[in-house]
Every structure is written in structure tokens, then in C-alpha cells.
Amino acid sequence: MYDQFETPEPDEAVKLALRRIEESTAHGEGSDAAGLEFNEVVVNMGPQHPSTHGVLRLVVTLDGELVKDVIPVIGYLHRCKEKLAERRTYFQYIPIVDRTEYLASINCEWGYVMTVEKLAGIRPTRRAEFIRVITGELMRIASHLVAVGTFTADLSPLGTAMVFYMFRDREQILDLMEELTGARMMFNYYRFGGVRYDLPDGWVEKCREFLEMFPAKIKEYEALVDTNAVFLQRCQGKGVITQQDVVDYGITGPNARASGIELDLRRSRPYSVYPELDFEVCVEQHGDIFDRYRVRMDEMRESLKIIEQCLDMLPKGPVQLGSLRAPYVITPPPGSAYVGQENPRGEYGTYIESDGSRYPYRLKYRDPCFCNLQLFPKLLSGNKIADAVAISGSIDLVLGGIDR
Amino acid sequence: MGLVVGSNPMSMDALAALLVERFAGDLDDVRIQEPDTIVARCAREKLKDVAARLKADPEVGYETLNFVAGVDHGTSFESIYHVYSWKTNTWVELHVELPRAEPEVDTVCDIWPAADWHERESWDMVGIKYLGHPDLRRILLKDDFIGHPLRKDYVDLAENHPHV
């Protein structure tokens, strides 16, 4: 029978945390000047904790309010994405890629489709390339809106106001995407050599309306947040990611750019039509929570710029390759390919090994959040537990991508 | 520190020639994968030495580990290391072949700290053992899971999931 007072057997992560405490006390570090042993507690944060933004579990060792050690436990959302690829053709696998990192699903699709195209030597049509950039950048804005919205809610001086404002704007992007693809989040829109549908009538005008409306909203949010004394106090100088951390742990995306590194795959390893577009790589210098927030806000502006240019330059023509009208059976030659794509959270890489059959032999994701999360023990230790929540919010994790 | 991407740009041919020269006898089958990756093989006994030298090279310096992937090739396993050079803005893909009977290789955790979780994932999914890894636990699957699902001979049985 279920006994509510029964203490469950601690799992490996908790055992590890307890072992580490024992080791540190055995070395004599555990007692203060008066010879009193200090009082460390192991607290289990998550997997159902509102501030972890998903099913992330942190086994935190606390000394009072101070975080001594963090052991992240992941895998609660593992859906065997890499295993599923073994029994699905390249084409059948596209909708599954959507479900890895669900906040920027179209960018993940893009990464996967580009890798298969590289393997098979397919070049997408020019109009399709522009549509890909437009949709990809729209989803970047949508993803940053969720990231900043939920993060400001964690910090609480503004309550949940920002979440609702930002979700309201994100809704407009999702409406645009729904009109284009038929789905709101799981698009299944990219195809090898192009995209599924051409832009519907009037879509470009609607998109332009959004581009006109949105800059004023960004300004409004900045007015709400950037001058908020409580927000600034909680953000500035906290959770600093140094450039050495970026090098050691492979941090990418806005988190790396906030530390003063101009690392953007759209520039440093350009793909699609990005070399033709004029945009800036947003960089901040301090690497703290506030800078990571600033980079995301600036990037939304740059994305708007990119979309506007693409709408102006949008060429006429087919959105799918004529020779690949029905690319259901695609058999890339044996070999391997890796393509890194600038996802809103960093480098989203897809590595595919082909044995010449209809199924990928091995598919592996390099997820940006997986790599960023690895820094957590180092980043959170030594902070107050409330700051730890703020820091983890500013890193912007999506557990669907981490657990795959 | 002032980290700049691509401070020492080199053509891929020059880079491949440089690696062939510096790692003569250690790196085999060095070839260029367009546009910016060099693929090479390395014997597993030499991996640690090659990794340390790749990272420390003053001119190219592959300082960041991108990911580690384990692949089951039927008769053998393969551990793939994808590393990035900030100076030249290029990647090296290092393939290390491991015999099926003994899928073990030295860890590169102490050289590239990022390898920690990636090696755990490779152990979890493909069952490649990274010798000297500080904490080689399962990462995505449950602690009590039995087997390594990304092996091609893995059969999914109810007994493999004792926690369900």
C-alpha cells in the first residue's frame, strides 16, 4: 500500500550530493571558527518547480540561503528522438524534429533539413531560402518573447505582467505562422529543397503590419523593465559567464554574446541567404543576467530588420525544387554531415550519418541548452538561492531540446 | 581576454597541411569536408595526447568541444569528437574507432570540460566507456535502465524498464 510517510530511497543524484557533503566535511572545511559543523541541506528543486521552466530537476546543496553545490538531473522529457530516426525515412522524420525544441521548432526543422540537403547535395530554391529566413526570424522573436517574459516573471518585481504582454505579441506571430503553415507550433513546414507552401495572398502585408507595430512594443517593455530598480539590482553583476567559461563549456547563442564574444553562426558560418542581409550581431560586455536580457531584446530588433529586408528582396519563383516535387524517398549517398544552425538559444547542430539507405543510420543533436546547462553547477554555486532562480531563468532553457 | 572569432584565418588546404605536418603518425585519413571542417581518424591509445595537443596548439588551438557522439558500426564502435577553433573559425571532427568487445576510451574531460555530459550521454545511449571520467552515470535514461538503446542490436524488452 502507498505510505505517505515513507521516505523513498534517494536516487543517484541525491546520493552524489550527500557524498560530496561528506567529503567536504571530512576535509575539515565543514566547520566554522567555533568548531561547529555547518548545516548543509540537500533540497530537491523540480522537476515540477515553476522556476525551472520545464521538467528540469536541480539537486541543490544549501547552507542557509547559500547555494553550495548543484547537480542538474535531466531526462524527464526524453522521447528517444535519436532512436526514432532509425526507423523513419528522412522525410517521415521532419515532424519529429519540431518536437525537440518546441519554442523554436521551425529553427530546428531548418537545421535538420539543411543537414540532409548537405548530405544529399540538394540546393533549395531561392524563394524558399527567403521564406525560411523570414519564418526562422519570426520564430526567433517569438522564442525570445517567451524567454524574456518568463524570466521577468521569475524575478517578480513586475509580477506576471510581462508574460502576458509578451505572449500577446507572440500570439500574433503564431497567427502569421498558422496562416502560412496550418499549425501554431508544430509546423512540419520545411521540405528538402524548399518549403511546403508558398506565402498565401495578403500574408506579406500582414507581416509588414506586425513589423510596424512591434518596435513600439519593444520600447514599451524596455521602459517597464530597464529602469526598474528592483529588476536592475537583481540582475546586474549576478551570474557572470566569463569568456573562459564560454570556451571551456561551448556556450553559444545570446549567452555567449552577452559575454562580449561576437559568435553568431549566421555570420561566422553563414548559411542560407544571410551573407546578403545586413544585420548586426548584438554583443554586450559584462556577461551578467542583465546583459543576457539586453542581448535578447536587441536581437528582436535585428530580426525585424532581417525580415523587412527579406520581404523587400523576396524573389518570384517556385518554393520547391521541380525535380523533388515529391521528396518522400530520399537516399543520400553514404557519408556524414554536420550543420550548426543559429537557434534562438545557440548552436543547434544536427549530425547525420548515412549508409545510403532511406533511413538515417545515426542522427545526433547538439543542443545548445544541453551545453549551457552543463555550466550550472559552476554558475549557481556561491549565489543565494533566489539569485539562482534568476540566473537559471536568464540562461533560457528548453527542456524539450535538452532531453530530446 | 578579448576572444575574437577567426583572428587567424587560414585556407582549408593550408590548415589540413599544417595538421598533417604537426600530427604526422597520429592523425590518419585527414580530409577536408567543405566548407570548414577537417575530418580525421585517430587511434584510441593516442586520443588523449592528440586532444591535448590540438587544444594547446598556439596557431590553431581547438579549444572548444562542440559535442561527442557515439556510433555503433556493427563490428565496431566509434566515438566522434567535434571541436572548434576560435582562431581559425574551423572545426575538426575526430573519429576514434573502438573494438566491439571492448568499447573503452580515455576521457577527454580534463582537456575539454564540456566533454563531461556528452561522454555521459554517449555512455548512456551507446555504452561506450570513458575511462577516467569523474562521474560516468546515466544522463537521459533512468539510473536503473538496462541496456544501451542506440546500439543496433538493442532489443526493447519490458525488463529493461524496471521503474515503469
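**Fold, domains and chain contacts of the predicted model**

Chain A contains 16 helices and eight strands, where helices (H or I, at least four residues) and strands (E, at least two) are DSSP runs, numbered from the N terminus. The structure is a predicted model, in which local features need pLDDT of at least 70, side-chain atom pairs count only at pLDDT 80 or more, and totals for chains, interfaces and linings use all residues. Residues are numbered from 1 along each chain as its sequence is written, while chains are lettered from A and ligands numbered from 1 in the order in which they are written.

The C-alpha atoms of chain A occupy a box of roughly 80 × 50 × 45 Å along the principal axes. Of the 404 residues in chain A, 48% are buried. A residue is buried if 20 or more other C-beta atoms lie within 10 Å of its own, exposed if 12 or fewer, and partly exposed in between, with C-beta atoms placed from the backbone. Among contacts in chain A with a separation of 6 or more, 71% join residues 24 or more positions apart; two residues are in contact if their C-beta atoms, placed from the backbone, lie within 7 Å.

Chain A is assigned domain 1 (12-73) and domain 2 (89-403), with bounds from an automatic or database domain assignment. The centres of the two domains of chain A, taken over C-alpha atoms, are separated by 33 Å. Their contact draws on 15 residues from domain 1 and 18 residues from domain 2. Strand β3 (residues 66-73) of chain A contributes seven residues, the largest share of the domain 1 side. That side comprises eight nonpolar, four polar and three charged residues. Here Ala, Val, Leu, Ile, Met, Phe, Trp, Tyr, Cys and Pro count as nonpolar, Asp, Glu, Lys and Arg as charged, and the others, Gly among them, as polar.

Within chain A, helix α4 (residues 105-120) packs against helix α5 (residues 126-155) at an angle of about 140°, with the axes 8 Å apart. Axes are lines fitted to C-alpha atoms, for helices over the stretch in contact, and angles run from 0 to 180 degrees between N-to-C directions. α4(A) is therefore oblique to α5(A); angles under 35 degrees count as roughly parallel, over 145 as roughly antiparallel, 65 to 115 as roughly perpendicular and the rest as oblique. I106(A), N107(A) and W110(A) of α4(A) meet R132(A), T135(A), G136(A) and M139(A) of α5(A).

The axes of α5(A) and helix α15 (residues 385-395) of chain A cross at roughly 175° and come within 9 Å, so the two helices are roughly antiparallel. T150(A), F151(A), D154(A) and L155(A) of α5(A) make this contact with V389(A), A390(A), G393(A) and S394(A) of α15(A).

M297(A) lies in helix α12 (residues 289-313) of chain A and counts as partly exposed, with 18 C-beta neighbours inside 10 Å. Not counting residues up to four places away in sequence, M297(A) touches V148(A), I218(A) and E222(A).

The contact between the chains takes 30 residues from chain A and 27 residues from chain B. On the side of chain A, α9(A) gives the most, with five residues. This side has 10 nonpolar, eight polar and 12 charged residues.
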